[in-house]
Amino acid sequence: MSGLANGPVTGAEVLAFGLRTALGGRVVLDGVDLSVRGGLTTILGPNGAGKSTLLRTLGTVLPLDEGSLLIDGLDPRHETDRIEVRRRLGYLPQDSGLDGGSRVFDLLDYLAVCKDLGDARTRRHMIGDALHRVGLADRAGDAVADLSGGMKRRVGLAQALLGAPGLLILDEPAAGLDPDERARLRDVVTERRGRATVIVSTHLTSEAAHSDTVVVLDRGAVRFVGTPARLTAAADGRAWVQSTAPVGPVRASWQQADGWVRCLGDPPPGASLVPPTLEDGYLLTVDRPVAV
Amino acid sequence: MTAPTPPFAAGPPVDPARIDANWRAITFDLDAPRPSWTERLLRRVGVPSAAARLVVATPGLRRSWFAALVAVVVLGLGAADPERPTESMFTLLVLAPLLPVLGVVLAYGDAEPAHEIVLATPRRGLHTILLRTATVLAIAAPVVGLAALASPAPAWLAVAWLLPGLTCTLAALSLATAVGPRRATAATAIGWLAAAAGMAGAVDGVGRLAVFSPASQLAWLAAAAVFGGIVVARRDAFDHLSPASGTVR
């Protein structure tokens, strides 16, 4: 759907059709279609939209209830295909479970063994490289339990990068990172998106602005697929400011720092329209009240 | 007049990024922490580095598990009675089969570090579990066995708990695929203790060890084969998050 503008499209091909998942009797994914190859795709949606369930399904850790999923033509429902898909996959779950007393290097080496990445020397070089990329090269000997939340998140990112996988699935990778760490994350993802298919979830529109494709997911269904610019354009002519709180029905309204009240929805006659932002487009795409 | 080209610049151009990467690899070779002594020991006796890493990373081998191992030995030997050497081994033998269950099944799933990350790797969950079972038994068997041999009881009792232990572990693993590791561990422990106590309560003397008798061992072997079959048939469950284990919200 969206590769990079120049050069051949590389990275795993992800084709999902009619994904449907129910957990504990609740429908979490309700017929999701997705077609991605190369570039950075951001799954954007409110909390509870089904983002993690979608990424867990694409990451093959949650079995498919209904629908079909092919990654590079392989079907994860079959054991041999699933193992082959996992060889091409780097996965960072939302709750990475990276704790315990083991050292950063030992944990990464254990995961490198699980990923079947070669002999001790090869693994050591890969780990050194991954830790360098996330800025933790000098922390290899530290206990994981002693790291800050942001550092643990970076260890999680480092393990996903091991072996330079063609498919990188990162569930809320920016959660708990400070601005410097976020800039570094963006750097790492930008470097990878030219060589791999990168799928990232977030509930922050600011994180989605840098992606090639935005997928808005709400209540388990895809509400929008396109570039960030197209999502912004969805709010063309539907964002305006006024001096008082709106009286009629609007999609959302909030007071800006400059004192004006920003409104989204169908503008009243004579409203002073303003250029929309990505957030405006997003809010108008998810059709339920969202806290802003 | 221009400066002569220095001779060291005459060679083919070298990619600075490659030099940088090589330098990082060399310095990281020096910086990477030394493996723990257990891992070095395993490698010295010929275990390949990948397998040694997996064994050392067995999540069940926590301080609490070693405490349980010590508790079983202390309680077991505390109950030993030279007047009744065989039947007084009951406590040790009845508690020991729960050690692999605690070390393997209870430490599986969301109790395991980086569980969801490991699931997404090509390593088969069942292989990991079998390796862990072997690891835990390799530690528990000599400790419990030596404790039994140190008592006045007949020597065969030192290994009498191994088959029930394997059966309990496979039973708990089969159950875990349906109800999650915690409930499976609890149900297996209750079931095993009830069976052992039930068979012991009916008789007196050496008959208290009926649950470990040769006839019972055959039954445990048959049960191990059945539960082993279930575990293999349901091995996909160890490659996925399980809604039953509480890891899927």
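In this predicted model, 41 residues of chain A are in contact with 29 residues of chain B.

Four elements of chain A each supply at least two residues of the side that touches chain B: helix α2, residues 79-87; strand β5, residues 89-92; helix α3, residues 104-114; and helix α4, residues 120-133. Which element provides the largest share of that side? It is α3(A), with seven residues. Sorted by class, the side of chain A that touches chain B holds 18 nonpolar residues, together with 13 charged and 10 polar ones.

I turn now to the sheet of chain A. Six strands form an open sheet with mixed pairing, and their order is β5-β6-β7-β3-β8-β9. Which strands lie at the edges? They are β5 and β9 of chain A, the latter spanning 221-226, and each of them pairs on one side only. From one strand to the next, the twist averages 15°.

Please look next at strands β3 and β7 of chain A. Strand β3 covers residues 40-44 and strand β7 covers residues 197-202; the two run parallel and are joined by five bridges. As one example of such pairing, A:L44 has A:T202 in β7(A) as its bridge partner.

Finally, I come to a helix that accompanies this sheet. Helix α1 of chain A, residues 51-58, packs on the sheet.

Terms used: Residues are numbered from 1 along each chain as its sequence is written. Chains are lettered from A and ligands numbered from 1 in the order in which they are written. This is a predicted model: local features need pLDDT of at least 70, side-chain atom pairs count only at pLDDT 80 or more; totals for chains, interfaces and linings use all residues. Two residues are in contact if their C-beta atoms, placed from the backbone, lie within 7 Å. Ala, Val, Leu, Ile, Met, Phe, Trp, Tyr, Cys and Pro count as nonpolar, Asp, Glu, Lys and Arg as charged, and the others, Gly among them, as polar. Two strands pair if DSSP finds at least two bridges between them. Axes are lines fitted to C-alpha atoms, for helices over the stretch in contact, and angles run from 0 to 180 degrees between N-to-C directions.
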